There are 2 protein chains.
Amino acid sequence: MKPKSPQFYEARARVAKAMAHPSRLLLLDALQEKERCVCELTELVGADQSTVSKHLAILKQAGLVEDRKEGVMTYYRPKVVCLEGFWRCIETVLKENLKSQSAAISA
Amino acid sequence: MKPKSPQFYEARARVAKAMAHPSRLLLLDALQEKERCVCELTELVGADQSTVSKHLAILKQAGLVEDRKEGVMTYYRPKVVCLEGFWRCIETVLKENLKSQSAAISA
DNA sequence: CCTATTCATGGCAACTTTGCCATAAAGCCA
DNA sequence: TGGCTTTATGGCAAAGTTGCCATGAATAGG
């Protein structure tokens, strides 16, 4: 393995950290489908508007979403197509882990 | 979008959190190549052995790696193949973001 | 203009994560 | 057995994250 700089892994960690919260994963999932305003996303998440606004700022800062202002509204949309496939892969693997575990228990 | 339970996103967040640290990303990257013992990984990361051991426990708990004891050594190896492709995709997108940003600045 | 709506930000307390130290458990070998 | 190596765990202080409140800025509509 070619050794990579600490900065390299810090850059990756910034992206992973942005994903490391249930509400932000819900936001990413909701945006996958279509562009939405903060008011709609606030409704969806069920937290304070200021909390959701901060979550969105974190996702934007990580480069995972982008925004567009229209009058008094801000619409957010995904900027990255990597997430769906990643989670599909992760969930397949974790499900198989569970299966072989429970097989091992009942054996 | 079919609404998903909080538990669904918490499960995803557990995986994302495990990835959300530069040292753990370095560990995952090093293991991608081949199985390694804790002593070698400790060397690589350059932190205290107990710190590395805890990082590895977090990765194992998330289902991203598994371990195998051989005498006094513990060898860790990846359990998931989703990471390389995911990071390649993320890095491509972020690099393009940078490019269009600097184009916008110089324009 | 005044008010309502939408969104972002500062502040702060509660909680979580991190990393080192000390220490313990377990295998190896003389 | 005794000492050495390898790994895991408890403890704790420092640092980071989270969420709500209060508030501010900007637009839209009477």
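Predicted model: local features only at pLDDT ≥ 70, side-chain atom pairs only at ≥ 80, totals over all residues.

Modeller: Residues are numbered from 1 along each chain as its sequence is written, with chains lettered from A and ligands numbered from 1 in the order in which they are written.

Colleague: Which helix gives the largest share of the side of chain A that touches chain B?

Modeller: The contact, counted where C-beta atoms placed from the backbone lie within 7 Å, takes 29 residues from chain A and 28 residues from chain B. Helices H1 (6–19), H2 (22–33) and H5 (83–106) of chain A each supply at least two residues of that side, where helices are DSSP runs (H or I) of at least four residues and strands (E) of at least two, numbered from the N terminus. The largest share, nine residues, comes from H1(A).

Colleague: At what angle do H2(A) and H1(B) pack?

Modeller: Pro22(A), Leu25(A) and Leu26(A) in H2(A) meet Pro6(B), Tyr9(B), Glu10(B), Arg12(B) and Ala13(B) in H1(B). With lines fitted to C-alpha atoms over the stretch in contact, and angles running from 0 to 180 degrees between N-to-C directions, the axes lie 8 Å apart. H2(A) is roughly perpendicular to H1(B), a class that covers 65 to 115 degrees, and the angle is about 105 degrees.

Colleague: Which element gives the most to the surface near DNA strand C?

Modeller: A residue counts as near if its C-beta atom, placed from the backbone, lies within 6 Å, and of the 23 residues around DNA strand C, those that come nearest include Cys39(A) and Gly71(B). The most, six residues, is given by H4(A).

Colleague: Which residue takes a positive phi in the hairpin of E2(B) and E3(B)?

Modeller: Six bridges join E2(B) (residues 65–70) to E3(B) in the antiparallel sense, where pairing needs at least two DSSP bridges, and Lys69(B) has Thr74(B) as its bridge partner. Two residues lie between the strands, and the one with a positive phi near 60 degrees is Gly71(B).

Notes:
Contact = placed C-beta atoms within 7 Å. Parallel < 35°, antiparallel > 145°, perpendicular 65-115°, else oblique.
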